[in-house]
Amino acid sequence: MSFYLDSPCECENGCIITSMNIMQAKNPILVDQFNRQIEYLRISLIDKCDLRCTYCIPKGFTGFEHSENWLSFDEIERVVATFARLGTSRFRLTGGEPLLRKNLPELVSRLSGLPGVEDLSMTTNGTQLAKLAAPLRQAGLTRLNVSLDSLRRECVEEISGSDSLGKVMAGLHAARDAGFKRIKINMVPLPGINMDDIEDMVGFCIDNEFILRLIEVMPMGVKAQQLDYVNLQTVINRLQGKFQLQETHEIMGGGPARYWETADRKFTLGLITPRSQHFCETCNRVRMSVDGTLYLCLGQEEKFDLKPLLRSNCSDDELEEAIRSAIDLKPERHEFNSNPQKIIRFMSMTGG
């Protein structure tokens with residue numbers, strides 16, 4: 001039953017109840033201290049990866065989390081169900097490389113069936129996708145982002161540390177055959193390495209009806225901090241003229257990307273610009289690492305560990321209260337430009 005009051009009502013204890021109070025009680029949502037609703041949770045299923053991309057995991061790094069510290073499928077499901085009850089509707093499975101987590105279609109099936117989960121997507125490097133695309137689609141995965149920084153074999157090997165282009169291409173074809181629509185290709189432009197590949201990637205995405213997203217590299221970890229980032233504002237100025245792109249305000253996945261389209265809408269380009277044009281004021285997401293730590297911002301240290309609660313058989317109310325407490329820690333903005341040396345944490349640990 002719903003109650004609506006036209007005016008405040010004071011009870012004997014002096015408290016004031018309004019229609020807004022009651023509606024919030026009936027429809028709890030996660031809102032941080034800066035009035036941003038948290039609609040999106042990114043979940044790292046594993047911090048290990050079969051590639052060593054220069055902007056993510058340093059070559060030779062072995063300091064991965066022990067598997068006994070990973071959240072179990074039951075624990076992940078419980079966290080997602082709790083976030084969904086609190087109004088979060090979009091969930092993305094990440095890594096490391098999420099396809100390395102055993103029995104992944106089982107987890108996808110469990111999460112996709114939860115009340116309130118409206119969108120369940122995944123970011124992957126695509127090397128294992130050929131064998132898993134169909135089972136994941138059948139299990140209820142709705143969308144895919146595939147990381148691919150070049151169409152040149154030697155360039156992919158230079159960036160990723162592996163001759164993996166053939167596997168990724170096979171995975172993309174399998175994903176399309178499995179019924180995934182408007183697959184997104186994530187490309188990180190790096191000066192002197194793959195800048196000349198951007199227009200070829202645009203052509204590839206046009207031919208295959210993929211969405212291309214260009215992402216500014218973020219200064220996380222010592223290796224990433226040594227990389228120059230490409231200001232994508234200069235890139236879009238060039239691409240707009242060559243491909244007759246028009247900016248669109250259509251929402252495509254609920255993330256921070258801004259999008260441009262061709263007039264016939266057959267090609268879409270997205271830009272994610274945390275350095276040149278940050279989107280902190282509208283940030284609607286948090287990340288959970290494989291060990292159950294909530295990271296409230298990629299560029300700050302605030303975090304909240306859910307694992308002790310989960311493994312002490314906490315109640316649903318206790319878990320909800322812990323998540324609300326975590327969201328209260330979410331900072332106003334990152335400091336990637338003003339303090340780029342601040343965060344020494346690998347993307348694979350944080351959750352993509």
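This section describes the predicted fold of the protein, from the overall model to single residues.

The structure is a predicted model, in which local features need pLDDT of at least 70, side-chain atom pairs count only at pLDDT 80 or more, and totals for chains, interfaces and linings use all residues. Residues are numbered from 1 along each chain as its sequence is written, and side-chain values use heavy atoms, with hydrogens and water left out.

The mean pLDDT (the predictor's confidence in each residue, from 0 to 100) is 85. Of the residues, 82% reach 70 or more. Residues 1-27 stay under 50. For this stretch the model has 17 contacts (heavy atoms within 4.5 Å) beyond four places in sequence. Where pLDDT is low, the predicted coordinates should not be read in detail.

The protein has 12 helices and 14 strands. These elements are DSSP runs, numbered from the N terminus: helices are H or I of at least four residues, and strands are E of at least two. Of the 352 residues, 51% count as buried. Buried means under 20% relative accessible area, exposed over 50%, and partly exposed in between, with a 1.4 Å probe and protein chains only. Among contacts with a separation of 6 or more, 72% come from residues 24 or more positions apart.

An open sheet of 12 strands runs in the order β9-β10-β11-β8-β7-β6-β5-β4-β3-β12-β13-β14. Its pairing is mixed; two strands pair if DSSP finds at least two bridges between them. The edges are β9 (245-248) and β14 (303-305). Each has a single partner strand, so one side of each is left without a neighbour in the sheet. Neighbouring strands are turned by 25° against each other on average, direction ignored. Axes here are lines fitted to C-alpha atoms, for helices over the stretch in contact, and angles run from 0 to 180 degrees between N-to-C directions.

Strand β8 (residues 211-215) runs parallel to β11 (residues 268-272), and four bridges join the two. Within this pair, Leu 214 stands opposite Leu 271 of β11. Helix α9 (residues 232-243) packs on the sheet. The helix touches β8, β9, β10 (258-262) and β11, and its direction makes about 170° with that of β11.

Strand β5 is largely enclosed by the rest of the structure, because six of its six residues are buried. Side chains in a regular strand alternate between the two faces of the sheet. In β5, both faces are covered. Asp 119, Ser 121 and Thr 123 are buried on one side, and Leu 120, Met 122 and Thr 124 on the other. Strand β4 (residues 90-94) runs parallel to β5 and is joined to it by four bridges. Phe 91 has Leu 120 of β5 as its bridge partner.

Helix α4 (residues 129-139) has the buried residues Leu 129, Leu 132, Ala 133, Leu 136 and Ala 139. These cover an arc of only 140° around the axis, which puts them on the same side of α4. The arc is that of the directions from the helix axis to the C-beta atoms. The buried residues pack against α3 (104-112), β5 (119-124), β6 (143-147) and α6 (165-178). The face turned away from the buried side carries the exposed residues Lys 131 and Gln 138. Gly 140 follows α4, with a positive phi near 120°.

In helix α5 (residues 153-160), the buried residues are Cys 155, Val 156, Ile 159 and Ser 160. Their arc around the axis is only 115°, which puts them on the same side of α5. Their cover includes α6. Exposed Arg 153, Glu 154 and Glu 158 lie on the face turned away from the buried side. Just after α5, Gly 161 takes a positive phi of about 75°.

Asn 194 is found in the loop between β7 (184-187) and α7 (198-208). With 0% relative accessibility, Asn 194 counts as buried. Its side chain reaches the backbone oxygen of Asp 149 at 2.9 Å. Beyond four places in sequence, Asn 194 is in contact with Asp 149, Arg 152, Cys 155, Ile 159, Met 187, Val 188 and Pro 189.

Ser 325 lies in helix α11 (residues 316-327). Ser 325 is partly exposed, with a relative accessible area of 30%. Ser 325 and Asp 32 are 293 residues apart in sequence, and 9.4 Å apart in space from C-alpha to C-alpha.

Conventions: A polar contact is a pair of N or O atoms within 3.5 Å; within protein, one must be able to donate a hydrogen and the other to accept it, and residues adjacent in sequence count only if both atoms are side-chain atoms.
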